[in-house]
Amino acid sequence: MSRRSGVLEFAVLGLLHDAPMHGYELRKRLNVLLGSFRAFSYGTLYPCLKSLVAQGFLVEDNPDAEYVPATALNGKRSKIVYRLSPEGKERFEELLADSGPDAWEDEHFGVHFAFFGQTDRAVRMRVLEGRRSRLEERLERMRSSIARTRERFDDYTLELQRHGLESVEREVRWLNELIETERANRTVRGGPSPAPASTDKTSDGRGQEVGTTDRTEPPYDRPGRSAQER
């Protein structure tokens with residue numbers, strides 16, 4: 001399976017995981033999902049759907065309806081509604097858990113990211129860190145290339161190279177922010193650190209002792225005055 005067809009399969013299974021839909025609606029949803037990342041040829045959608053049906057990943061809820069061929073550009077809507085089979089759900093979960101090098105590449109990363117809301121946190125971290133590593137390698141090659149060719153190109157070519165370099169740098173900064181957010185969320189969910197023990201009596205600011213602190217008492221339960229005084 002080619003990378004492009006693999007991306008389309010992942011996107012189709014992911015969208016149908018949310019809800020069954022017919023081909024026309026699926027086309028619109030794919031345009032929203034993939035349009036930001038690459039040009040999408042809708043002529044490849046219906047062969048992909050037929051392939052997924054043949055593999056048992058999709059079920060046609062109205063298989064007797066007229067099928068719109070992939071070459072038809074007349075605006076007709078397919079009456080067939082597609083939904084995931086149990087095997088299709090398993091296939092989507094398998095693709096969702098993939099955090100290997102393919103998930104870091106330009107062809108796959110955008111679609112993986114689109115389904116991050118359904119992805120395990122550990123997988124998200126591996127994909128984000130892998131993507132960042134891949135782009136850092138690309139940055140190094142681009143900087144070396146600009147340094148070597150600076151004297152041979154005119155200002156416009158150099159400006160184009162700098163534009164590409166800045167685009168990759170922006171994505172690296174964006175990835176850094178996402179990775180830090182993921183790490184921060186994990187820390188927060190782990191709960192606050194226990195408060196340090198203290199046996200010293202405290203004062204309410206008027207020279208009156210109000211008791212001792214407790215090791216297990218959380219910081220937000222330590223008022224400046226005792227319960228009796230409040």
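Is N176 buried, partly exposed or exposed? This model is a predicted one, in which local features need pLDDT of at least 70 and side-chain atom pairs count only at pLDDT 80 or more, while totals for chains, interfaces and linings use all residues. Residues are numbered from 1 along each chain as its sequence is written, and side-chain values use heavy atoms, with hydrogens and water left out.

N176 counts as partly exposed, at 29% relative accessibility. The term partly exposed covers the range between buried, which is under 20% relative accessible area, and exposed, which is over 50% (1.4 Å probe, protein chains only). N176 belongs to helix α7; helices are DSSP runs of H or I with at least four residues, strands are runs of E with at least two, and both are numbered from the N terminus. N176 and R132 are separated by 44 residues in sequence, yet their C-alpha atoms are 7.7 Å apart in space.

A salt bridge here is a side-chain nitrogen of Lys or Arg within 4 Å of a carboxyl oxygen of Asp or Glu, and a search of the whole structure finds 16 of them. In one, the side chains of E171 and R131 meet with an N to O distance of 2.9 Å. This pair links distant parts of the chain, since E171 lies in helix α7 (residues 155–189) and R131 in helix α6 (residues 121–149), 40 residues apart. R131 is buried, with a relative accessible area of 5%. The pairing belongs to a network of salt bridges that links D106, R131, R138 and E171.

R134 is buried, with a relative accessible area of 18%, whereas E137 is partly exposed at 41% relative accessibility.

Another salt bridge is found between R29 and D18, whose closest N and O atoms are 3.9 Å apart. R29 lies in helix α2 (residues 23–34) and D18 in helix α1 (residues 3–18), so this pair ties together parts that are 11 residues apart in sequence. Both partners are partly exposed: R29 has 31% relative accessibility, and D18 has 48%.

The nonpolar interior can be considered next. A nonpolar core is a set of buried Ala, Val, Leu, Ile, Met, Phe, Trp, Tyr and Cys residues joined through side-chain atoms within 4.5 Å. The largest such core has 28 residues, of which V12, L13, L16, L26, L30, L49 and L58 touch the most other members. At least two residues of this core come from each of α1, α2, α3 (45–54), β3 (81–84) and α4 (86–96), and α1 gives the most, with 8 residues. L26 touches V12, L15, L16, M21, L45 and L49, not counting residues up to four places away in sequence. Apart from this core lies another, of 16 residues, among them A103, F109, I146 and L165.

H112 is found in helix α5 (residues 106–114) and is buried, with a relative accessible area of 4%. Contact means heavy atoms within 4.5 Å; leaving aside its neighbours within four places in sequence, H112 is in contact with F10, L95, D98 and A103.
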